[in-house]
Amino acid sequence: MEILIQKENLPLLEHLLEQEAVSFTRLYRENFPNVENHHQIGGIDCRKFDHTQGELDFGKILSKQELAVTYRDVKSLVHRFLDIPTLSTCWALYSPEAEEDHTCFYRWSALHNWGSIHLRRLHSVDLLPALVHEYAHHAQRDSIKGMGLPYEPFLSDGPSYRIFKEGHSFAVERAITQQKYVETGNRGYLYDISDALVFLRDAYIFVSEQHSQKPKRNLLLLGRLTCGDWMPIDEYINSVLQHFDPHCSGGALFLIEEFKNRSAKDALQTICREAVHGRYVFS
Ligand SMILES: [Zn+2]
């Protein structure tokens with residue numbers, strides 16, 4: 001957290017936020033070219049909002065057998081991406097619990113010494129990033145248990161550790177999903193990692209507050225098109241400050257690192273790899 005709230009990150013957050021908002025807005029309008037007032041969509045009941053009903057191709061919902069094949073691919077992608085040997089057992093399954101909570105999650109069973117990924121039924125293009133994210137949590141767990149390598153600030157069970165875990169998983173998810181987009185040309189994959197916009201916006205609000213600065217309203221309003229974005233901006237700022245989430249801080253932290261290392265080839269991959277092997281030092 002100390003690394004994220006440094007004052008010199010404010011202009012970087014502003015820059016990244018603007019950049020991300022421009023690409024997201026373009027994608028959103030590609031997906032819903034015929035909606036006249038895009039802000040109206042956000043005003044509609046979130047539970048009824050379905051981005052897969054737009055023009056972009058999000059694939060179909062996979063059967064259990066198809067899920068098993070995709071999961072096998074995801075595992076080898078993550079192993080290769082992080083340069084890690086085979087990991088301990090981790091199952092991936094459609095779970096009623098995940099369906100009910102409207103989320104996907106990773107769980108570790110100390111009793112059985114295995115991990116499990118609980119998924120809700122998503123379209124295949126949405127499923128891949130979710131699987132990568134949760135499997136990266138398993139890789140973190142294994143590297144901590146097996147190699148004992150990650151460096152000290154991230155080993156504690158406190159908030160910094162959660163920030164690291166979520167930021168790292170998000171970064172692996174983002175990089176592998178971008179690779180998938182390059183391979184397939186399917187822009188649905190890019191839509192899927194647009195969480196980055198919310199992470200950057202929320203981190204910008206949070207870091208501004210730490211330095212008693214008012215976040216620039218025009219930046220906060222950029223790309224506010226999706227579900228939940230209907231909230232008046234002051235109310236939104238308050239809600240972020242009250243419930244700032246490790247996904248946002250971690251995601252923003254890794255995006256800032258990627259930007260700082262942008263001249264290096266495959267910067268995000270190097271950061272993710274080094275971090276899971278306990279060798280990365282944040283700049
Ligand atoms: Zn996570």
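Axes are lines fitted to C-alpha atoms, for helices over the stretch in contact, and angles run from 0 to 180 degrees between N-to-C directions. The model shown here is predicted.

Q: Why is helix α8 called roughly perpendicular to helix α10?
A: The axes of α8 (residues 195-210) and α10 (residues 233-242) cross at roughly 80° and come within 9 Å. Angles of 65 to 115 degrees count as roughly perpendicular, so α8 is roughly perpendicular to α10.

Q: Which residues of α8 and α10 meet?
A: From α8 there are D202, I205, F206 and E209, and they meet I237, V240 and L241 of α10. By class, this contact has five nonpolar and two charged residues, with no polar ones.

Q: What makes β1 and β3 a pair of strands?
A: A pair needs at least two bridges, and five join β1 (residues 90-94) to β3 (residues 114-119). These strands run parallel, and L93 stands opposite H118.

Q: How do you know that β2 pairs with β3, and in which sense?
A: Against that cut-off of at least two bridges, β2 (residues 105-109) and β3 have five, in the antiparallel sense. In their hairpin, four residues lie between the strands, and N113 has a positive phi near 65°.

Q: Why are the buried residues of α12 said to line one face of the helix?
A: They are L268, Q269, I271, C272, A275 and V276. Seen down the axis of α12, they fall within an arc of 165°, so they line one face.

Technical notes
Residues are numbered from 1 along each chain as its sequence is written. This is a predicted model: local features need pLDDT of at least 70, side-chain atom pairs count only at pLDDT 80 or more; totals for chains, interfaces and linings use all residues. Helices (H or I, at least four residues) and strands (E, at least two) are DSSP runs, numbered from the N terminus. Angles under 35 degrees count as roughly parallel, over 145 as roughly antiparallel, 65 to 115 as roughly perpendicular and the rest as oblique. Two residues are in contact if their C-beta atoms, placed from the backbone, lie within 7 Å. Ala, Val, Leu, Ile, Met, Phe, Trp, Tyr, Cys and Pro count as nonpolar, Asp, Glu, Lys and Arg as charged, and the others, Gly among them, as polar. A residue is buried if 20 or more other C-beta atoms lie within 10 Å of its own, exposed if 12 or fewer, and partly exposed in between; C-beta atoms are placed from the backbone. The arc is that of the directions from the helix axis to the C-beta atoms.
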